[in-house]
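Dear colleague,

I am passing on the structure we discussed, and my notes on it follow directly below.

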Amino acid sequence: MKAMDTLQIRIKNVAKGGNLVEQLGYAQVRCKWSVERLAERAGLDIRTVQAVQSGRGSVASLTAMLQVLAPDAERQEVAGSHWTYHKLKDSERDLRFTPPHILAALTAAFGPIELDPCSHADAPITASRKIMLPEDGLVAEWASEGLTYVNPPFSHLQPWLAKALDHFEGGEIGKLVFMLPASRLDLKDFAFRASNYATTVFLKRRFTFVSPNPRFAHPVPFTIALICAGCDEADITQFCRLIPGMVMAPQQSARDVNRELAQL
Ligand SMILES: C[S@@+](CC[C@H](N)C(=O)[O-])C[C@H]1O[C@@H](n2cnc3c(N)ncnc32)[C@H](O)[C@@H]1O
């Protein structure tokens, strides 16, 4: 149990309590079981149960007790244990800037960035128009004939994707490259909108964002995808020559692109 505390392993659906020992105590009270009864139900001897109750005992004994005291118990995600998927209280803390080598490949393939709607003064990005807090990029009007590049706060993805697609479908922006974790392609806006007309590039290599926050000082721990709408196939291929990627396109021709890229 000490190890579980050290590793910040938390179990939910047990009972109230500040730690697992307290939770087990409350769960036992809820069941109205004596130690003897608990030992019998868990298939353990009484001393083993007492060891677990005092914060010692093996994981196997603990598991046996949890199975009878709280059959729905399961591991709880630890807030902050995975750097992208917890809700940030302050969007200013999501300072994950696109690294220069990705920016260079984007502009080489798709042309200069005209609009960065969620930018930052410290981001190494060059764009004709940068929308920065306190101006709200989710409220501002977006307009650009050239490339709109969106690397949104990953903690608040959906409204950014919806707005980017609204403006692309409305013709206010001509070319869109939208960065997100590949696992978030489960968003309905991707499934029912973007996937019908956009090509998606999965970056093969993990890279490290530029950030003043040490939390982001490591290569991104998941696959990054770029949703590319209104982009020429040849430009996407060019990008993937510079930054190796796998292409998923709505057109039949995606097969040819992937075949070519596999040769690189
Ligand atoms: C992941 S960073 C990307 C920065 C830059 N676009 C880049 O790619 O390097 C997301 C940025 O969005 C900014 N941001 C968050 N909410 C915003 C909003 N409502 N309007 C404008 N910018 C916002 C944050 O300040 C943060 O710097």
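Lys-32 lies in the loop between α2 (20-31) and α3, where helices (H or I, at least four residues) and strands (E, at least two) are DSSP runs numbered from the N terminus. Its phi is near 60 degrees, a positive value in a residue other than glycine. Most residues other than glycine have a negative phi, and most peptide bonds are trans. Lys-32 counts as exposed because it has 7 C-beta neighbours inside 10 Å; a residue is exposed if 12 or fewer other C-beta atoms, placed from the backbone, lie within 10 Å of its own, buried if 20 or more do, and partly exposed in between.

Please bear in mind that this is a predicted model, in which local features need pLDDT of at least 70 and side-chain atom pairs count only at pLDDT 80 or more, while totals for chains, interfaces and linings use all residues. Residues are numbered from 1 along each chain as its sequence is written.

Turning to helix α4 (residues 46-53), its buried residues are Thr-48, Val-49 and Val-52. Seen down the axis of α4, these fall within an arc of 100 degrees, so they line one face of the helix, the arc being that of the directions from the helix axis to the C-beta atoms. They pack against α3 (35-42) and α5 (59-69), and just after α4, Gly-55 takes a positive phi of about 90 degrees.

The axes of α3 and α4, which are lines fitted to C-alpha atoms over the stretch in contact, with angles running from 0 to 180 degrees between N-to-C directions, come within 9 Å and cross at roughly 105 degrees. The two helices are therefore roughly perpendicular to each other, a term that covers 65 to 115 degrees. The contact is made by Val-35, Glu-36, Leu-38, Ala-39 and Ala-42 of α3 and by Ile-46, Val-49 and Gln-50 of α4, two residues being in contact if their C-beta atoms, placed from the backbone, lie within 7 Å.

Finally, of the 21 residues around the ligand, Phe-97, Cys-118, His-120, Gly-137 and Asn-151 come nearest, where a residue is near a molecule if its C-beta atom, placed from the backbone, lies within 6 Å of it.

Notes. Angles under 35 degrees count as roughly parallel, over 145 as roughly antiparallel, 65 to 115 as roughly perpendicular and the rest as oblique.
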